[in-house]
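Please find below some numbered remarks for a colleague who has the coordinates open. They begin with a helix pair and then move on to other topics.

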Amino acid sequence: MDFSNFLWMRDELSLLAVILILFLYDTFGSDKSRRAFSTVACILLAAQTAFMLIPATAGEAFGGMYHTSPAINIVKIVLNIGTLLVLIQAIPWVKTADVVIRRGEFFILTLMTLFGMYLMISSGNFLLFFIGLETASLPLTALVAIEKYKQNSYEAAAKYVFVALFSSSLLLMGLSFIYGAVGTLYYHDIALAIGNVTKSIAGSPLLYVGIVLFLAGMGFKISIVPFHLWTADVYQGAPTSITAYLSVISKGAAAFALMVILFKTFAPVAIVWQYVLWGLIVITITVGNLFAVRQKNLKRFMAFSSISQAGYILLGVIAGSATGMTSLIYYVLVYIFSNLAVFGIISVVENATGKVNIDDYNGLYRTNPRLSVAMMLALFSLAGIPPFAGFFSKFFIFFAAAEQGFYVLVFIALLNTVISLYYYLLVVKAMFIKQDDCAIPALKSDTASRINITICVIGVLVIGLLSCIYTAIDAHAFGM
Amino acid sequence: MEIPMIYYVVVSTIMFFAGVYGFVTRKNLLAILISLELMLNAVDINFVVFNRYLFPGQLEGFFFTLFAVAIAAAETAIAIAIIINIYRNIKNIKVDNLDKMKY
């Protein structure tokens with residue numbers, strides 16, 4: 001047997017090595033030595049990210065089961081940066097008395113889900129894709145339930161696990177119909193079979209039912225609108241760091257995997273899935289925005305905000321071009337920094353005072369000016385106000401969709417940015433303009449939170465202005 | 001005499017939608033889990049039947065079924081762990097008690 005195939009999987013193998021080292025450390029380290037566990041975990045992940053920066057070449061292993069290419073490598077690096085920020089953000093949280101006993105589990109399970117996402121985005125066969133998807137979502141259910149004596153946590157876990165199972169079975173049903181129509185599960189072979197006019201698979205209802213069920217299953221993972229009902233509850237109930245992870249990393253990975261599959265596999269029937277996605281994007285952005293307006297809890301608010309952001313992310317998918325792929329990766333990168341800044345501040349405030357309502361932030365500027373300004377910058381970036389990174393990512397993703405002629409869609413999305421500006425400004429107004437006699441007292445955040453929020457704010461300010469990032473991604477992107 | 005393929009597909013479709021119906025209507029967490037198992041097993045039947053009748057020369061569908069069974073078992077294990085945790089906390093596994101977060 002030829003083991004050199006494994007060399008293509010250097011990203012997965014290095015991450016697996018990190019997981020194993022952490023596992024052994026957590027199992028056999030003494031209580032005293034394990035005090036440094038969080039720091040070691042972050043340093044190891046940073047080292048692994050640095051290792052992945054070595055440029056990758058395109059290739060495939062195991063007879064086409066596993067694919068890798070520079071574009072996929074870039075996405076993995078983006079996901080790694082996001083995970084690293086989440087881990088740094090979680091350090092003060094894992095020190096609290098309830099969680100410190102499960103500290104090792106938190107880090108190992110989080111990295112395990114990252115491993116699953118790696119497999120998911122670089123799979124070349126639906127079997128590996130499905131295994132990766134489940135490897136990503138099963139540890140996440142355990143993570144949502146990690147504070148197991150809190151009602152919110154186990155309620156959210158129950159909702160999440162059942163919705164995850166339901167969506168996987170829809171997705172599997174879709175895959176079985178696709179298999180029945182085409183007779184293979186390799187992306188490349190399916191594209192060949194559908195593109196072959198003499199076989200007329202492209203017109204088969206079996207295939208269309210399969211594609212629609214598959215989109216529904218993925219819709220649950222990315223939380224697009226008819227399938228979004230779990231999002232708000234799970235985001236509110238899960239510990240804040242896990243919510244941050246769910247809202248950026250897991251969503252970004254699923255969106256990219258969906259895009260790769262639609263580009264590589266279902267390009268010959270693009271007209272069908274673009275039709276479906278068109279409607280999904282419109283209702284996702286609109287409903288997400290309208291429901292965000294009426295939220296009182298900041299974590300629920302961010303849940304609906306992330307639903308509408310998922311709609312914007314899908315604009316890159318519907319474009320179906322190399323520009324679409326570049327702008328999607330870029331959007332996810334910017335979204336990681338802006339959203340993690342917001343969640344970083346939420347978790348600082350929550351760890352210190354236990355408050356998560358928007359009204360609790362009244363008068364925050366008087367007591368915590370630096371936190372308020374960081375929050376404001378991040379919210380402006382999410383809304384897409386010009387000098388910040390969020391504006392450029394929205395601009396590129398609208399450009400990618402408009403380039404392919406989706407003018408009406410882009411116009412609806414533009415109208416929705418106005419609504420989103422309104423509700424993001426509600427939070428800014430609470431912090432800066434509203435007065436409150438019992439505002440949150442001046443907080444003294446610890447080093448880890450400071451590092452996390454500083455990196456995120458720098459990212460929000462700088463990424464938009466550094467055009468080399470966009471160009472670097474663009475050099476490797478591919479279209480249908 | 002061989003049974004035509006359509007019979008199997010009808011059975012699996014009925015199983016799948018019985019599962020969907022149970023998922024939506026049941027009030028007990030374990031009953032919901034059983035409905036989900038019905039859905040997953042319907043998929044397994046589909047894969048095996050398509051492989052056996054439409055593409056008898058290959059094994060891809062059979063292998064997918066094997067993996068799907070294993071992963072479904074892992075999913076069930078996690079779901080049951082969460083249900084047991086809920087039972088320990090509130091001595092009850094009715095979904096009506098999990099309504100603290102709404103809207």
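1. In this predicted model, helices α10(A) and α12(A) run roughly parallel to each other, because their packing angle is about 15° and angles under 35 degrees are counted in that class. The helices span residues 240-264 and 298-319 of chain A respectively, and their axes lie 11 Å apart. The crossing of α10(A) and α12(A) is right-handed.

2. As for the residues behind this packing, α10(A) contributes A:T240, A:T243, A:S247, A:K251, A:A255, A:L258, A:M259 and A:L262, while α12(A) contributes A:K299, A:M302, A:S306, A:A310, A:I313, A:L314, A:G316 and A:V317. By class, the residues of this contact comprise nine nonpolar, five polar and two charged.

3. Turning to chain A as a whole, its secondary structure amounts to 19 helices and two strands. The radius of gyration of chain A is 22 Å, close to the 23 Å that the globule rule gives for 480 residues, and chain A is therefore as compact as a globular protein of that length. Along the principal axes, the C-alpha atoms of chain A fill a box of roughly 75 × 55 × 45 Å.

4. Two further values describe the interior of chain A and its contacts. Of the 480 residues in chain A, 59% are buried; and among contacts in chain A between residues at least 6 apart in sequence, 80% join residues at least 24 apart.

5. On the interface, 31 residues of chain B are in contact with 31 residues of chain A. On the chain B side, the elements that give two or more residues are α1 (5-25), α2 (29-54) and α3 (60-90), and α3(B) gives the most, with 15 residues. The residues on that side of chain B divide into 24 nonpolar, four polar and three charged.

6. Two backbone angles deserve a separate entry. A:S223, a residue other than glycine, has a positive phi near 60°, and its place is in the loop between α8 (205-222) and α9 (229-237) of chain A. A:S223 has 29 other C-beta atoms within 10 Å and is therefore buried, given that 20 or more are required for that class.

7. B:K91, also a residue other than glycine, has a positive phi near 55°, and is placed in the segment after α3 of chain B. Is B:K91 buried or exposed? B:K91 is exposed, because 8 other C-beta atoms lie within 10 Å, and the class of exposed residues takes in those with 12 or fewer.

Note on methods. Residues are numbered from 1 along each chain as its sequence is written. Chains are lettered from A and ligands numbered from 1 in the order in which they are written. This is a predicted model: local features need pLDDT of at least 70, side-chain atom pairs count only at pLDDT 80 or more; totals for chains, interfaces and linings use all residues. Two residues are in contact if their C-beta atoms, placed from the backbone, lie within 7 Å. Helices (H or I, at least four residues) and strands (E, at least two) are DSSP runs, numbered from the N terminus. Ala, Val, Leu, Ile, Met, Phe, Trp, Tyr, Cys and Pro count as nonpolar, Asp, Glu, Lys and Arg as charged, and the others, Gly among them, as polar. Axes are lines fitted to C-alpha atoms, for helices over the stretch in contact, and angles run from 0 to 180 degrees between N-to-C directions. Angles under 35 degrees count as roughly parallel, over 145 as roughly antiparallel, 65 to 115 as roughly perpendicular and the rest as oblique. A crossing is left-handed if the near helix is turned anticlockwise from the far one by less than a right angle, and right-handed if clockwise. The radius of gyration is taken over C-alpha atoms; the globule rule is 2.2 Å times the number of residues to the power 0.38.
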